[in-house]
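Okay, everyone, thanks for coming. Let me put it up on the screen.

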Amino acid sequence: MEQIVAFAEYKEKEQLRSLFAETDMGLAGEIEDHVLLKKGDRILAGGRLVQMDESLFHLMVFAVDKAKRGTGLGKKLIDKLCQFPWAYCREAEKLKGLEYTITTIAKGTAVPFYQNCGYQMISFAELPEPFDLQCRECPDQKECKPMALAFYGKAGTKEVG
Ligand SMILES: CC(C)(COP(=O)(O)OP(=O)(O)OC[C@H]1O[C@@H](n2cnc3c(N)ncnc32)[C@H](O)[C@@H]1OP(=O)(O)O)[C@@H](O)C(=O)NCCC(=O)NCCS
């Protein structure tokens with residue numbers, strides 16, 4: 001069966017919630033705003049992008065099914081999100097020939113994955129509000145070692161495949 005990338009549906013809420021919970025993460029708002037990599041009814045990975053302004057997006061949450069990590073699925077989904085961010089944010093303004101940025105905050109252990117996928121480390125001050133202050137008061141900061149990251153892309157003419 002083919003793997004597909006699509007917006008989540010309401011009926012997939014519990015499955016995605018469990019996948020995120022494996023890594024102490026939660027859904028980021030409405031289930032229908034998340035994007036999934038699926039094979040049949042099984043969710044393999046999920047994430048949520050939000051558009052901050054015309055050329056700025058933020059990846060709020062991103063995870064792969066624990067049993068399937070290290071098999072290229074994370075890269076497959078994040079590459080789609082990074083190539084076509086406007087297509088994977090509901091009601092996003094479409095970009096044409098524009099340079100854009102996708103920011104995120106990653107746990108220290110996930111930073112090499114993001115770097116492998118084209119992200120660069122930035123300072124927290126470079127993140128859009130309110131994400132710039134997201135980790136400031138968090139008691140888990142020492143253990144989590146969060147890093148701010150950014151992906152710099154250029155919108156092409158290609159439509160989502
Ligand atoms: C981080 C995460 C999303 C990576 O997804 P994945 O499917 O396991 O990663 P992939 O198999 O697609 O890896 C893609 C590339 O990144 C590399 N990579 C992935 N995780 C890595 C790590 N922790 N350290 C070093 N390299 C790593 C892989 O070796 C691979 O490199 P290659 O293309 O040269 O072979 C996944 O492990 C996960 O869900 N972790 C828990 C949640 C999390 O940390 N989310 C991130 C936001 S905090």
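Let's start at Val111. If we skip its neighbours within four places in sequence, Val111 is in contact with Ala106 and Met147. Before I go on, please keep in mind that this is a predicted model.

So where does Val111 sit? You'll find Val111 in helix α3.

Now, the ligand. Helix α3, residues 111-116, gives at least two residues to the shell around the ligand, and so do β4 (56-64) and α2 (73-83). The shell has 18 residues, and the ones that come nearest are Arg69, Gly74, Lys75, Ala110 and Pro112.

Seven strands make an open sheet with mixed pairing, and the order across is β1-β2-β3-β4-β5-β7-β6. The edges belong to β1 (3-7) and β6 (120-122); each has a single partner strand, so one side of each has no neighbour in the sheet. From one strand to the next, the twist averages 30°.

Inside the sheet, have a look at β3, residues 42-53. Strand β3 runs antiparallel to β4, with eight bridges between the two. Along that pair, Arg48 stands opposite Val61 in β4.

What about the helices against the sheet? Helix α2 packs on the sheet and touches β1, β2, β3, β4, β5 (99-106) and β7 (147-154), and its direction makes about 30° with that of β3. Helix α1, residues 13-21, lies across β2 (35-39), β3 and β4, and runs at about 85° to β3.

Last, the whole thing. In total the protein has four helices and seven strands. Its radius of gyration is 15 Å, close to the 15 Å from the globule rule for 161 residues, so the protein is as compact as a globular protein of that length. Of those 161 residues, 29% count as buried. And for contacts between residues at least 6 apart in sequence, 67% join residues at least 24 apart.

How values were computed. Residues are numbered from 1 along each chain as its sequence is written. This is a predicted model: local features need pLDDT of at least 70, side-chain atom pairs count only at pLDDT 80 or more; totals for chains, interfaces and linings use all residues. A residue is near a molecule or strand if its C-beta atom, placed from the backbone, lies within 6 Å of it. Two residues are in contact if their C-beta atoms, placed from the backbone, lie within 7 Å. The radius of gyration is taken over C-alpha atoms; the globule rule is 2.2 Å times the number of residues to the power 0.38. A residue is buried if 20 or more other C-beta atoms lie within 10 Å of its own, exposed if 12 or fewer, and partly exposed in between; C-beta atoms are placed from the backbone. Two strands pair if DSSP finds at least two bridges between them. Axes are lines fitted to C-alpha atoms, for helices over the stretch in contact, and angles run from 0 to 180 degrees between N-to-C directions.
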